Amino acid sequence: ENLYDETLEAYRKAAKDKGTNLVNYVTETLKYEDLDAFYEFLEEYVKDTCKREMILYYIARSENLNYTQEYYEQEILEYAEGFEIKELEEAESFVDYMYGLDAFKERIRLNYVYEWLGNNATVREDITTYVNDLNK
């Protein structure tokens with residue numbers, strides 16, 4: 001429920017930033033038929049996001065993946081660079097104000113797992129896949 005509310009609030013803010021309300025934003029800008037169609041999309045999006053994050057957390061736990069202090073500093077400084085912030089303490093303060101430092105650390109952890117997967121995934125040639133030819 002929290003992710004749903006946070007995502008909905010982000011869309012409301014985007015609408016406000018565009019000088020409109022949520023209904024007009026989702027129908028005119030995002031091209032949904034109506035608000036109910038947008039809510040259906042949002043619900044599916046949140047479910048899919050939760051599933052992906054659960055898989056990533058499982059992989060992180062199973063592989064005992066934890067980012068290093070060096071990785072953390074690199075990620076937070078890289079993010080803060082877009083706001084012309086170059087010092088770690090200032091970057092942490094800024095991120096804490098904007099998102100909450102713990103939430104940002106979770107984002108870094110998930111990014112770390114994505115990178116680990118990209119670096120460690122291999123294609124196995126001994127596995128065949130089933131192709132369903134619908135034209136037959």
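Let's start in a loop: asparagine 64 sits between α3 and α4 (69-81). This is a predicted model, so read every value here as computed from predicted coordinates. What makes asparagine 64 worth a look is its backbone: phi is positive, about 55°, even though the residue is not a glycine. For context, most residues other than glycine have a negative phi.

Further along the chain there is another case. Glutamate 84 lies in the loop between α4 and α5 (88-98), and it too is a non-glycine residue with a positive phi, about 60°.

Are these residues buried or exposed? Asparagine 64 counts as exposed because its relative accessibility is 61%, and the cut-off for exposed is over 50%. Glutamate 84 is exposed as well, with a relative accessible area of 71%. Tyrosine 97, which belongs to helix α5, is also exposed, at 70%. Here they are side by side:

| Residue | Where | Relative accessible area |
|---|---|---|
| Asparagine 64 | loop between α3 and α4 | 61% |
| Glutamate 84 | loop between α4 and α5 | 71% |
| Tyrosine 97 | helix α5 | 70% |

While we're at tyrosine 97, here's a distance to check in your viewer: its C-alpha atom is 29 Å from that of leucine 30, and the two residues are 67 apart along the chain.

Now for the helices. Two packed helices are described by the angle between their axes and the distance between the axes. For α3 and α6, the angle is about 75° and the axes are 10 Å apart. That makes the two helices roughly perpendicular, because angles of 65 to 115 degrees fall in that class. Which residues do the touching? On the α3 side they are Arg52, Glu53, Leu56, Tyr57, Ile59, Ala60 and Arg61, and they meet Glu106, Arg109, Leu110, Val113, Tyr114, Trp116 and Leu117 of α6. Sorted by class, this contact has nine nonpolar and five charged residues, with no polar ones.

Both helices turn up again around the largest pocket, where α1 (2-17), α3 (35-62) and α6 (101-120) each supply at least two lining residues. How much space does the largest pocket hold? About 740 Å³. Its lining is made up of 23 residues, and those nearest the centre are Leu3, Glu6, Glu53, Ala103 and Arg107. Helix α3 gives the largest share of the lining, with eight residues. By class, the lining splits into 14 nonpolar, four polar and five charged residues.

Technical notes: Residues numbered from 1 in each chain as written. Predicted model: local features only at pLDDT ≥ 70, side-chain atom pairs only at ≥ 80, totals over all residues. Heavy atoms only, no water. 1 Å grid on protein atoms, 1.4 Å probe; cavity = no way out; pocket = protein on both sides within 12 Å on 5 of 7 lines; lining within 4 Å. Points joined across faces, edges and corners; volume = space filled by probe spheres on them. Helix = DSSP H or I, 4+ residues; strand = E, 2+ residues; numbered from the N terminus. Nonpolar A, V, L, I, M, F, W, Y, C, P; charged D, E, K, R; others polar. Axes fitted to C-alpha atoms, helices over the stretch in contact; angles between N-to-C directions. Parallel < 35°, antiparallel > 145°, perpendicular 65-115°, else oblique. Contact = heavy atoms within 4.5 Å. Buried < 20%, exposed > 50% of the residue type's maximum accessible area, 1.4 Å probe, protein only.
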